[in-house]
Amino acid sequence: MSLRGTLEHFPLETVVQLLASTSKTGQLEVRPESADGLGGALGFADGRLVSASSGSDSGEDALGVVFSADRGEFEFIPWREAPSENLKGDLNSLLDRALQERDRMTAVREVV
């Protein structure tokens, strides 16, 4: 069974914390509302956030891209095996870095 919703009703940080607290393994796909928005996927292993990907980006760069989506849909797809890891650290540290990267990307977009 998958978990689906909209980012307007369930902020991404809340969804990530839910998956962590329930020790899920699988992939959270984030699809932005607009065609020009960037989305991506977050990988979980027993509730640990272990990977991020968006287009050709991976790891912390992709983490910021995924968290920059504030409108759109998400879907969690359970997996039997954990995805390959490209992130290190505890959930709170990763969320802090994701939000910092999101803010940096937002500032760059405003300048451009």
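At what angle do helix α2 (residues 60–67) and helix α3 (residues 91–111) pack, and how far apart are their axes? The close-ups below, all taken from a predicted model, start with that pair.

**Figure 1. Helix α2 packing against helix α3.** The angle between the two helices is about 70 degrees, and their axes are 8 Å apart. That makes α2 roughly perpendicular to α3, since angles of 65 to 115 degrees are given that label. On the α2 side, look for Glu-60, Asp-61, Leu-63, Gly-64, Val-65 and Phe-67. Their partners in α3 are Leu-94, Leu-95, Arg-97, Ala-98, Leu-99, Glu-101, Arg-102 and Met-105. Sorted by type, the residues of this contact come to 8 nonpolar, 1 polar and 5 charged.

Figure 2. Because 6 of its 8 residues are buried, α2 is largely enclosed by the rest of the structure. The buried residues are Ala-62, Leu-63, Gly-64, Val-65, Val-66 and Phe-67.

**Figure 3. The aromatic pair of Phe-10 and Phe-74.** The structure holds 2 aromatic pairs, and this view shows one of them. The ring centres of Phe-10 and Phe-74 lie 6.4 Å apart with the planes at 90 degrees, so the pair is edge-to-face. It joins distant parts of the chain, 64 residues apart: Phe-10 sits in the loop between β1 (3–6) and α1 (12–21), and Phe-74 belongs to strand β6 (residues 72–78).

**Figure 4. The aromatic pair of Phe-44 and Phe-76.** In this pair the ring centres are 6.3 Å apart and the planes meet at 75 degrees, so the arrangement is edge-to-face. Phe-44 comes from strand β3 (residues 40–45) and Phe-76 from strand β6, 32 residues apart. Phe-44 is buried, with a relative accessible area of 0%, and Phe-76 is buried too, with 4%. Beyond its neighbours within four places in sequence, Phe-76 is in contact with several residues, including Ser-2, Leu-3, Leu-19, Lys-24, Thr-25 and Leu-28. Gln-27 is also one of its contacts, and the next view turns to that residue.

**Figure 5. Gln-27 in strand β2.** You will find Gln-27 in strand β2 (residues 26–32). Its side chain makes a polar contact with the side chain of Glu-29, at 3.0 Å. Setting aside residues up to four places away in sequence, Gln-27 touches Ala-41, Leu-42, Glu-75, Phe-76, Ile-77 and Trp-79.

**Figure 6. Ser-23 and Asp-46, two residues with positive phi.** Most residues other than glycine have a negative phi, which is why these two get a view of their own. Ser-23 has a phi near 55 degrees and is found in the loop between α1 and β2. Asp-46 has a phi of about 50 degrees and lies in the loop between β3 and β4. Ser-23 counts as partly exposed at 45% relative accessibility, whereas Asp-46 counts as exposed at 58%.

Note on methods: Residues are numbered from 1 along each chain as its sequence is written. This is a predicted model: local features need pLDDT of at least 70, side-chain atom pairs count only at pLDDT 80 or more; totals for chains, interfaces and linings use all residues. Side-chain values use heavy atoms; hydrogens and water are left out. Axes are lines fitted to C-alpha atoms, for helices over the stretch in contact, and angles run from 0 to 180 degrees between N-to-C directions. Helices (H or I, at least four residues) and strands (E, at least two) are DSSP runs, numbered from the N terminus. Angles under 35 degrees count as roughly parallel, over 145 as roughly antiparallel, 65 to 115 as roughly perpendicular and the rest as oblique. Contact means heavy atoms within 4.5 Å. Ala, Val, Leu, Ile, Met, Phe, Trp, Tyr, Cys and Pro count as nonpolar, Asp, Glu, Lys and Arg as charged, and the others, Gly among them, as polar. A polar contact is a pair of N or O atoms within 3.5 Å; within protein, one must be able to donate a hydrogen and the other to accept it, and residues adjacent in sequence count only if both atoms are side-chain atoms. Rings of Phe, Tyr and Trp (its six-membered ring) pair if their centres lie within 6.5 Å; planes under 30 degrees apart count as stacked, over 60 as edge-to-face and the rest as tilted. Buried means under 20% relative accessible area, exposed over 50%, partly exposed in between (1.4 Å probe, protein chains only).
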